[in-house]
Amino acid sequence: MQPLTNRSKVVVKKEMTLLEKMYLPAIFNGMMITFKHMFKKSATIRYPEQKREFSEIYRGHHVLKRDDNGAERCTACGLCAVSCPAEAITMQAAERKEGEEKLYREEKYAATYEINMLRCIFCGLCEEACPKEAIFLTDRLVPTEFERNDFVFGKDKLVEKMDDRIDVTKRQTQAVLDFKQNNKYSHNKLK
Ligand code: SF4
Ligand code: SF4
């Protein structure tokens with residue numbers, strides 16, 4: 001048969017020796033490895049009783065931020081979805097109506113916004129792509145679910161609650177924080 005690559009190797013099936021047929025040396029070697037590990041510090045922890053300390057910029061569960069007045073920052077521009085290598089983000093844009101200024105910061109907003117957590121690889125590119133500081137990855141863990149559909153997180157799970165705000169300043173560079181303080185930019189003015 002014509003090989004597809006030149007990486008294939010010919011495997012020689014050699015006859016086992018008597019010792020090998022008894023499997024005793026292999027079992028002994030295996031037991032020695034187990035025994036050695038009994039005296040080493042365990043690499044695992046008893047989660048959830050024990051929790052590891054996360055890095056300040058750990059990339060976990062996403063949050064869709066609100067501004068200080070409680071309006072959703074996301075303007076449904078789609079840049080996060082385009083930059084997502086796993087194609088995990090989908091959304092539907094809608095136009096803000098009169099009287100909804102307190103709900104949505106911009107004239108266009110995300111009527112639906114979904115992230116498929118089974119697809120997400122927590123790379124953080126959506127966060128980097130967002131021009132409105134609307135999406136951030138946080139140190140919260142994605143909860144376990146039993147059904148595949150339950151891993152598609154909508155706005156009910158993503159949008160920040162005003163009584164449980166999430167501090168993302170540690171994820172922002174000094175240049176971004178300085179920019180946000182500068183009232184010269186209309187983007188920063190409280191509406
Ligand atoms: S963290 Fe990466 S993979 Fe996950 S939604 Fe954002 S861009 Fe996509
Ligand atoms: S989260 Fe940011 S990048 Fe994504 S649609 Fe909203 S404003 Fe655009």
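# A predicted chain with two ligands

With 18 C-beta neighbours inside 10 Å, Glu 133 counts as partly exposed; the label follows from a count of other C-beta atoms, placed from the backbone, within 10 Å of a residue's own, where 20 or more means buried, 12 or fewer means exposed, and anything in between means partly exposed. Glu 133 sits in the loop between helix 4 (125-129) and strand 4 (135-137). Its phi is near 55°, a positive value in a residue other than glycine.

The model is a predicted one: local features need pLDDT of at least 70 and side-chain atom pairs count only at pLDDT 80 or more, while totals for chains, interfaces and linings use all residues. Residues are numbered from 1 along each chain as its sequence is written, while chains are lettered from A and ligands numbered from 1 in the order in which they are written.

**Overall layout**

Let's step back to the whole chain. It holds 6 helices and 5 strands, taken as DSSP runs (H or I of at least four residues for helices, E of at least two for strands) and numbered from the N terminus. Read along the sequence, they follow the pattern α-α-β-α-β-β-α-β-β-α-α. The radius of gyration is 26 Å, well over the 16 Å that the globule rule gives for 191 residues, so the chain is more spread out than a compact globule. Here the radius is taken over C-alpha atoms, and the rule is 2.2 Å times the number of residues to the power 0.38. The C-alpha trace spans about 85 × 50 × 35 Å along its principal axes, and 16% of the 191 residues count as buried.

Two residues are in contact if their C-beta atoms, placed from the backbone, lie within 7 Å. Among contacts between residues at least 6 apart in sequence, 74% join residues at least 24 apart.

**The sheet**

Strands count as paired if DSSP finds at least two bridges between them. Three strands form an open, antiparallel sheet in the order 2-3-5; strand 2 and strand 5 are the edges, each pairing on one side only. Strand 2 (residues 89-95) and strand 3 pair over 7 bridges. Within this pairing, Gln 92 stands opposite Thr 112, and Ala 93 has Ala 110 as its bridge partner.

**The nonpolar core**

A nonpolar core is a set of buried Ala, Val, Leu, Ile, Met, Phe, Trp, Tyr and Cys residues joined through C-beta atoms within 7 Å. The largest one has 21 residues, and the members touching the most others are Leu 64, Cys 74, Cys 80, Ile 89, Cys 126 and Ile 135. Strand 1, strand 3 (108-116) and strand 4 each supply at least two residues of this core, and the largest share, 4 residues, comes from strand 3. Leaving aside its neighbours within four places in sequence, Cys 80 is in contact with Ile 89, Cys 126, Ala 129, Cys 130 and Ile 135.

**Around the ligands**

A residue is near a ligand if its C-beta atom, placed from the backbone, lies within 6 Å of it. Ligand 1 is surrounded by 14 residues, the closest being Cys 84, Cys 120, Cys 123, Leu 125 and Cys 126. Ligand 2 has 13 residues around it, with Cys 74, Cys 77, Cys 80, Cys 130 and Ile 135 the closest.

How do the two shells divide by class? In the table, Ala, Val, Leu, Ile, Met, Phe, Trp, Tyr, Cys and Pro count as nonpolar, Asp, Glu, Lys and Arg as charged, and the others, Gly among them, as polar.

| Shell | Nonpolar | Polar | Charged |
|---|---|---|---|
| Ligand 1 | 12 residues | 2 residues | no residues |
| Ligand 2 | 10 residues | 2 residues | 1 residue |

**Loops to look at**

Ala 76 has a positive phi of about 55° although it is not a glycine. Ala 76 lies in the loop between strand 1 and helix 3 (79-83), and with 23 C-beta neighbours inside 10 Å, it counts as buried.

The peptide bond from Tyr 47 to Pro 48 is cis, with omega near 10°. Is Lys 51 buried or exposed? With 10 C-beta neighbours inside 10 Å, Lys 51 counts as exposed. Lys 51 and Ser 8 are 43 residues apart in sequence and 45 Å apart in space, C-alpha to C-alpha.
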